[in-house]
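Here are some notes to read beside the model. Please look at the structure first and then take the points in order.

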Amino acid sequence: MNRYHQLSVYFRHRFRQRVQKIPLDAGFTCPNRDGSLSTRGCIFCNPRGSGSGMGLQGTTLQDQWAFWRERYSRSLGPATFIAYLQSFSNTYGPLEKLEKTLAEIEALPDLAGLSIGTRPDCVDEERLDLIARTATAPSIREVWLELGLQSAQDKTLQRINRGHDFACFERAVRMAHARGLKTCVHVIAGLPGESTDDFLHTIDRVNALPVQGIKFHSLYVAEHTPLAEEWRQGGYTPLNEDVYIDTVVRAIPRLRPGIVIQRLTGDPSEGELLAPVWPSTKTGILAAIATGLQNSNTWQGKALGTPGTGNERPPLWFTLRRNLPVALQKEWEREYRAIAPELDFDITEPLV
């Protein structure tokens, strides 16, 4: 039985089939890179940004999609796909560029949804209206806005050179929610000067907002970043693995059960990781978090009081029905139907 709301299970409930995100690089940049706010970027950000970097090589969105779609179809079998604008801040720059990019994405084959990575200070009413109109396209069943927050502490945001405050993030979330867009927030444990309690404070403030997803990251030192220089000079010490795992195990029960946990640890790009070594062992970290939740007899939402379960066990719908004992499947359906309106699950289709 799962102890948190996993993205893979959410996708199966939402789409009734395997769903895979395809990373796309549309050639956007960032105000923290082009001189509008700074040229240094956030202290942890590699100048290449996250994502595939294929846009910098001149590869079109259509060719990027075809490459990844063929690769995933070969390894995963039949699937539908979500376009993930991942590299840099994908709502920054001229509105016309965003409009053209979204129009190109709408025409991609086997498209189920769209996820747009950006910064909270790079969205406004006009851009969110455009994204909300895209969400009504026949080929797109849902749209996620992925907002980098990292910390709810303004002093930390200044320290890491984010260029915005928490109030900016809060405004962006509320504007997106007003338009029916789903928001996934990125947070980082182990930021300079922050304690575990500081990170849990960030989780509590995020949980109080109308967000639907979250990605956890540990702060690792990447080559060619300001943080790398601090680390080399002894000014920064990364979290060790046990502290990170304990921090995540303490954070998960503070989240509403309906929030989709889309990631529990980051994926350093090949060749960029300097320290610590453990973030490269993703499978082991996920297993250790699962073990920590089980040993603590806790789960997502327990600290808040889990609706419908008497707070005696995790919600059954965290797990696919077919993976549960037959004796629990009727109760699974009752709990699933109760949560379906909140999570936009279609209960008219066969339940998984």
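**Notes on the predicted model**

1. The second largest pocket holds about 250 Å³ of space. A pocket here is found on a 1 Å grid over the protein atoms alone: an open set of points where a 1.4 Å probe fits, with protein on both sides within 12 Å along at least five of seven lines, and lining residues have an atom within 4 Å of a point. The volume is the space filled by probe spheres set on the points, which are joined across faces, edges and corners.

2. The model is predicted: local features need pLDDT of at least 70, side-chain atom pairs count only at pLDDT 80 or more, and totals for chains, interfaces and linings use all residues. Residues are numbered from 1 along each chain as its sequence is written, and side-chain values use heavy atoms, with hydrogens and water left out.

3. By class, the lining has nine nonpolar, four polar and four charged residues. Nonpolar means Ala, Val, Leu, Ile, Met, Phe, Trp, Tyr, Cys or Pro, charged means Asp, Glu, Lys or Arg, and the others, Gly among them, are polar.

4. An open sheet is formed by seven strands with parallel pairing, in the order β1-β2-β3-β4-β5-β6-β8. Strands (E, at least two residues) and helices (H or I, at least four) are DSSP runs numbered from the N terminus, and two strands pair if DSSP finds at least two bridges between them. At the edges are β1 (19–24) and β8 (260–263), each of which pairs on one side only. Between β2 (residues 80–85) and β3 (residues 111–118) there are five bridges, and Ile82 has Gly113 of β3 as its bridge partner.

5. Helix α3 (residues 95–106) packs against helix α4 (residues 125–134) at an angle of about 10°, and their axes are 11 Å apart. Axes are lines fitted to C-alpha atoms, for helices over the stretch in contact, and angles run from 0 to 180 degrees between N-to-C directions. The two helices α3 and α4 are therefore roughly parallel (an angle under 35 degrees). Contact means heavy atoms within 4.5 Å; among the residues that make it are Leu98 and Leu102 of α3 and Leu130 and Ile131 of α4.

6. Two backbone details remain. A cis peptide bond, with omega about -10°, joins Ala275 and Pro276. Asp110, in the loop between α3 and β3, has a positive phi, near 60°. Most residues other than glycine have a negative phi, and most peptide bonds are trans.

Technical notes
Angles under 35 degrees count as roughly parallel, over 145 as roughly antiparallel, 65 to 115 as roughly perpendicular and the rest as oblique.
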